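The sequence and structure come next.

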Amino acid sequence: MLRILRNGFFGLTLLLGLFSVSPPASAAYPDRPVHWMIGFAAGGPVDIVARIMAQALSDRLGQQFIVENRAGSGGNIAAAAAINAAPDGYTLLFVAPNNAISTSLYKKLPFDFLRDTVPVASIMQLTNMLVVSNAFPAKTVQEFIDYCKANPGKISYASSGNGTSVHMSAELFKAMTKCDMIHVPYRGSAIAFPDIISNKVQLIFDNLPSALEQSRGGNVRALGVTSPQRWPTVPDVPAIAETVPGFESVGFYGISAPKGTPSEVIEILNKAVGEALKDPKVIARLTENGGIPKPMAPAEFGKLVADETEKWRKVVEFAGVSVD
């Protein structure tokens, strides 16, 4: 009798096993908090947008998206941390022009960004803005160029780190105008602004979200945007290209993941980002920070990152800069 019962139980278990299908690991994604690596200090433009989107994703996917600030090396510390993480969707990377720039600017990187990551979603497009200390005498881009040429080597510009679009926008400006300025890199633009406000450093070509906040607050003076035409969210600020024909530096924000992350997870995240970028509240917050929401499919975003990598390679060569 005991043997019959055992055999019957085994047969029932086997039968149930044949008819039951275990869901893939990604079916319940996310079932725990997701860590989002940010390459810059808290309070800066990347951090501002990341926290807006992290809350939007948390609301839609039911798990906390934790912003982790891994500042330093132009965002490469955060990139390395994300690339070396398990490819399970629980570690993501905030992607911006610094990732495209670093590929050619840095001569010794422990990773190949295009090879070692997969695109997840685009968030928005944005421009940079040239802002100066209120103590700085120039009130237009032309006055700035004239002052710079009359005072070579006496003006310093801040950046959020080597290899950021903030850094390279200034280097492109230097190359095109022959202005002689000294670079002072910080671990994020939020850290740089106190020195700009006090005129220890005279200017920054910062991402629009934080530059706009500081200029609206009267802490600094806006001279121009780096887009080829005036930016829709700040139409009263001239494009630098109006004074320096051909000058252009337009950026992007998005999300990537370590290579090998399941396609089902990427689809879930991309859909959630797309839904967030249709939310009027999210759109309003991004627009307030100077961004233009730009949802894309993963493949489309991947092409954008690849195209930006090639574009910035040409800028790095033109400006003649490199970081060992």
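Asn289 counts as buried because its relative accessibility is 14%, where buried means under 20% relative accessible area with a 1.4 Å probe and protein chains only. This is a predicted model, in which local features need pLDDT of at least 70, side-chain atom pairs count only at pLDDT 80 or more, and totals for chains, interfaces and linings use all residues. Residues are numbered from 1 along each chain as its sequence is written, and side-chain values use heavy atoms, with hydrogens and water left out.

Asn289 sits in the loop between α11 (280-288) and β10 (292-293). Helices (H or I, at least four residues) and strands (E, at least two) are DSSP runs, numbered from the N terminus. The Asn289 side chain reaches the backbone oxygen of Arg285 at 2.8 Å. Leaving out residues up to four places away in sequence, Asn289 touches Ile48, Ile52, Leu208, Pro209 and Leu212; contact means heavy atoms within 4.5 Å.

The whole structure holds three cavities of 30 Å³ or more. A cavity is a set of points on a 1 Å grid over the protein atoms alone where a 1.4 Å probe fits but cannot get out; lining residues have an atom within 4 Å of a point. Volume is the space filled by probe spheres set on the points, which are joined across faces, edges and corners.

| Cavity | Volume | Lining classes |
|---|---|---|
| Largest | about 120 Å³ | eight nonpolar, eight polar, no charged |

Ala, Val, Leu, Ile, Met, Phe, Trp, Tyr, Cys and Pro count as nonpolar, Asp, Glu, Lys and Arg as charged, and the others, Gly among them, as polar.

Note on methods:
Buried means under 20% relative accessible area, exposed over 50%, partly exposed in between (1.4 Å probe, protein chains only). A polar contact is a pair of N or O atoms within 3.5 Å; within protein, one must be able to donate a hydrogen and the other to accept it, and residues adjacent in sequence count only if both atoms are side-chain atoms. On a 1 Å grid over the protein atoms alone, a cavity is a set of points where a 1.4 Å probe fits but cannot get out, and a pocket is an open set with protein on both sides within 12 Å along at least five of seven lines; lining residues have an atom within 4 Å of a point.
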